[in-house]
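I am opening a notebook on this structure and will write down each thing I look up. I begin with the strands and then turn to helices, rings and the surface.

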Amino acid sequence: MTSLDPALVVLDKDGVRLTVEDAVATVTLTNPAKRNVQSPALWRALTEAGRALPGSVRVVVLRGEGRSFSAGLDRQAFTPEGFDGEPSFLDMARGSDEDLDALIAEYQEAFTWWRRNDIVSIAAVQGHAIGAGFQLALACDLRVVAEDVQFAMRETSLGLVPDLTGTHPLVAAVGYARALEICATGRFVHAEEAERVGLANLVVPGGELDAAVRDLAAALLAAPRDAVVETKTLLRGAAGRTYEEQRAAERAAQARRLRDLAGLSD
């Protein structure tokens, strides 16, 4: 590992760089010349970044270098040859149901760890966030976007479906009807609409994106870690509980916090 001043470079491979500075980790997509398009190698690097996070990290920032956050899947995936050393879409289609399911599940791992209860993840999104890029932004807990942001779910237009874990957070954010319309039409969702319908927590001018994310990270770090972890756990589980079940979960979580504060926890 090499050291930046003051951040530490933990991983730098296949278009992904992970740096850590105190309690904040930054995952950067580093292929701006191709608008940070995605590939299986990049997905494996993202999975590795999640596994490499030090236990001291509380906030993870996801960003893309250049003018676009991520323009989605590299179009090379749609060629008969696909990527070197990777199965092409045609090869995938010829495989057994079990093999195809396992391969897609492997790809999805790059998108799943961002909602871990022990961290809060923030996507800093500028320019294009299309297809897999949109789903990667949706994988994060929070999204701060630049005024030029353009979200789009283009998979359906290509005869596919969004399969990189983006459908659940999309429906949770905007509701079933709007999610269906966004996916089925493949249209762009711009900054004003993104903020209005809940896809963006905050919209800022492009030049202020990094500063806004730093301010949000600092605000998240101001509260005690255990309280944030318990609160995130409560909120993530709320949709799957009844009102009474959520009340009970709140009581149990608060009891743990009170005993912790009183020094009475096991």
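This is a predicted model: local features need pLDDT of at least 70, side-chain atom pairs count only at pLDDT 80 or more; totals for chains, interfaces and linings use all residues.

Residues are numbered from 1 along each chain as its sequence is written, and side-chain values use heavy atoms, with hydrogens and water left out.

Next I went to the hairpin of S1 and S2, which has 2 residues between the strands. S1 and S2 run antiparallel and are joined by 5 bridges, with lysine 13 opposite valine 16 in S2. Aspartate 14, in the loop between S1 (8-13) and S2 (16-21), has a phi near 50 degrees, a positive value in a residue other than glycine. I list aspartate 14 as partly exposed because its relative accessible area is 46%; buried means under 20%, exposed over 50% and partly exposed in between, with a 1.4 Å probe and protein chains only. I then checked aspartate 22, in the loop between S2 and strand S3 (24-29), and there too I noted a positive phi, about 60 degrees, although the residue is not a glycine. Aspartate 22 is exposed, with a relative accessible area of 67%.

Which helix did I find largely enclosed by the rest of the structure? Helix H4 (residues 132-139) is, because 8 of its 8 residues are buried; among them are Phe134, Gln135 and Leu136.

For the aromatic rings I counted 5 pairs, taking rings of Phe, Tyr and Trp (its six-membered ring) as paired if their centres lie within 6.5 Å, with planes under 30 degrees apart stacked, over 60 edge-to-face and the rest tilted. Tryptophan 43 and phenylalanine 111 make an edge-to-face pair, at 6.2 Å centre to centre and 65 degrees between the planes. This pair links distant parts of the chain, with tryptophan 43 in helix H1 (residues 40-51) and phenylalanine 111 in helix H3 (residues 97-112), 68 residues apart. Both tryptophan 43 and phenylalanine 111 are buried. The pair of tryptophan 113 and tryptophan 114 is stacked, because the ring centres are 3.9 Å apart and the planes are at 25 degrees. Tryptophan 113 is buried at a relative accessible area of 8%, and tryptophan 114 is buried at 0%. I also noted one aromatic cluster formed by Trp43, Tyr107 and Phe111.

My last entry on rings is that arginine 154 lies over the face of phenylalanine 188, at 4.6 Å from the ring centre; a charge sits over a ring if NZ of Lys or CZ of Arg is within 6 Å of the ring centre and within 35 degrees of the ring normal.

Definitions and conventions. Helices (H or I, at least four residues) and strands (E, at least two) are DSSP runs, numbered from the N terminus. Two strands pair if DSSP finds at least two bridges between them.
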